[in-house]
Each structure stands twice: as structure tokens, then as C-alpha cells.
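Hi everyone, thanks for coming. I'd like to walk you through one model today, going from the overall layout down to single side chains.

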Amino acid sequence: TCLERNTPGNSSLCPSTLGSVTTADLNKNPDEVAGMFNEVAKGYDRTNALLSGGNSVLWRMATVKALDLKPGERVLDVAAGTGTSSKALQKTGATVVALDFSPGMVAEGRIRHPDIEFVEGDAEALPFPPASFDAVTISFGLRNVQQPQVAIGEMYRVLKPGGRIVICEFSHPAAPIVRAGYQGYMKYVMP
């Protein structure tokens, strides 16, 4: 994960971790990726819990804790999917905007969480003015973005001075045998 405060002079994009971000195949067509998520939207949360071995709940709790949201703050949840993480963020008293590029995920999120604002949009071109949010987060979505640096730059653009960004994403295991198993899992099992 990466937690940074958007302060004058701090324009870092977490250089110690950005180079090791696990990304999707950059040759994938974004419309095809969105289409895949459209197809799995209804069962996505159940599948995600199963494929993560139940750890998705723990990762969600860690992200909420790291953001340290205060009641009334405004937070952007990028790659929000059906809004499961958005709902956890909302429980802090923050106002949540859930953004996803999959129309199916956004539609399912609106059904499940009618009290959360869902926006269909692209992480690489966020449809918000500068300095719109107190915090921005993305959980397990950066790997599906073709240009992660552009998406992170967009997150910083919409973040208010002094705001927080938390990125929850898979990384590469250091041990070669574990890394090989992990890469197979990420390529053939995880969406």
C-alpha cells in the first residue's frame, strides 16, 4: 500500500512502490476488460471473497484505517466495483463517490447501495475538478489500468492540499518459488 499526504512540494507517486505495481496485460482492450467486469458484476463480491481466501475484508478494513476519514470529508473510491469498499468508507461518516469504468458494476452498485453516488468513469481521466476530495483510494484496480502513472496523477489532481491517497494493491513476492505461484494465480485465477 501507499499512503501519502498531498502537501506543497510532495508530488511523489510513491516511487518506492510504483515500479513494482502488478499491472494487467497492457495490451488488453479497456472495453474488453470493462465487458468482463460487466459479466461478473452480480457475483463479483462473493467471488472476490472466495479468491482472496476471505482476506478482502481485512484489506478493506486496513484501507479504511489508513485513510483515517473524518465525518463530513469527501472521498473518491476509484475502481469501486459494486461499492463494497465504498460502503465501508461511508460508515466513517465521510461522503463517498464511487467511480468505476464498468457500466455493469456501476449499475449493480447503485442497486446495492442507493445511498452512495456512483459515477461511470475512467481512472486515467477523472471527471472531477481539481481539489475536489479530501481522500482518494483505489483497491485492487490499479492493475487493470493501462497507464498507472496517469491514473495516480489524476488522483493527485482531484485531491485537496493535505489530502490522503491510499492504494491497496498486490505486489510481487520476493521468493522465486512463491513469486511463480503468485504470477500463475494472478494470470489465470484473478480477474
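Let me start with how I name things: helices (H or I, at least four residues) and strands (E, at least two) are DSSP runs, numbered from the N terminus. By that count, the chain has eight helices and six strands. Read from the N terminus, their order is β-α-α-α-α-β-α-β-α-β-β-α-β-α.

Two housekeeping points before we go further. This is a predicted model, so local features need pLDDT of at least 70 and side-chain atom pairs count only at pLDDT 80 or more, while totals for chains, interfaces and linings use all residues. Residues are numbered from 1 along each chain as its sequence is written, and side-chain values use heavy atoms, with hydrogens and water left out.

Now the overall picture. I'll call a residue buried under 20% relative accessible area, exposed over 50%, and partly exposed in between (1.4 Å probe, protein chains only). Of the 191 residues of the chain, 47% count as buried. The accessible surface comes to about 9,500 Å², by the Shrake-Rupley method with a 1.4 Å probe, where for residues only the protein chains shown count as cover. Carbon and sulfur atoms own 58% of that surface. As for contacts, meaning heavy atoms within 4.5 Å, take those with a separation of 6 or more: 67% of them are between residues 24 or more positions apart.

Let's move to the strands, and to E5 in particular. How many residues of E5 are buried? Seven of the seven, so E5 is largely enclosed by the rest of the structure. Two strands pair if DSSP finds at least two bridges between them, and E5 has such partners in E2 and E6. Strand E2, residues 74-78, runs parallel to E5 and is joined to it by four bridges. Six bridges join E5 to E6, and these two also run parallel.

A salt bridge here is a side-chain nitrogen of Lys or Arg within 4 Å of a carboxyl oxygen of Asp or Glu. How many does a search of the whole structure find? It finds six, and I'll show you some of them.

One of them is between Asp134 and Lys160, with the closest N and O atoms 3.5 Å apart. This pair links distant parts of the chain, as Asp134 is in strand E5 (residues 133-139) and Lys160 is in strand E6, 26 residues apart. Asp134 is buried at 16% relative accessible area, whereas Lys160 is partly exposed at 31%.

Another sits within a helix. Glu108 and Arg112 are both in H6 (residues 103-112), four residues apart, or about one turn of the helix. Their closest N and O atoms are 3.0 Å apart. Glu108 is buried at 10%, and Arg112 is partly exposed at 31%.

Then there is Lys70 with Asp68, at 2.9 Å from N to O. Here Lys70 is partly exposed at 40%, and Asp68 is partly exposed at 41%. Asp68 sits in the loop between helix H4 (55-67) and E2. Its phi is near 50 degrees, a positive value in a residue other than glycine. Ala79 has a positive phi too, of about 60 degrees, although it is not a glycine. You'll find Ala79 in the loop between E2 and helix H5 (84-90), partly exposed at 30% relative accessibility.

Last stop, the aromatics. Rings of Phe, Tyr and Trp (its six-membered ring) pair if their centres lie within 6.5 Å; planes under 30 degrees apart count as stacked, over 60 as edge-to-face and the rest as tilted. A search of the whole structure finds one aromatic pair. The ring centres of Phe128 and Phe133 are 5.1 Å apart and the planes are at 90 degrees, so this pair is edge-to-face. Both Phe128 and Phe133 are buried.
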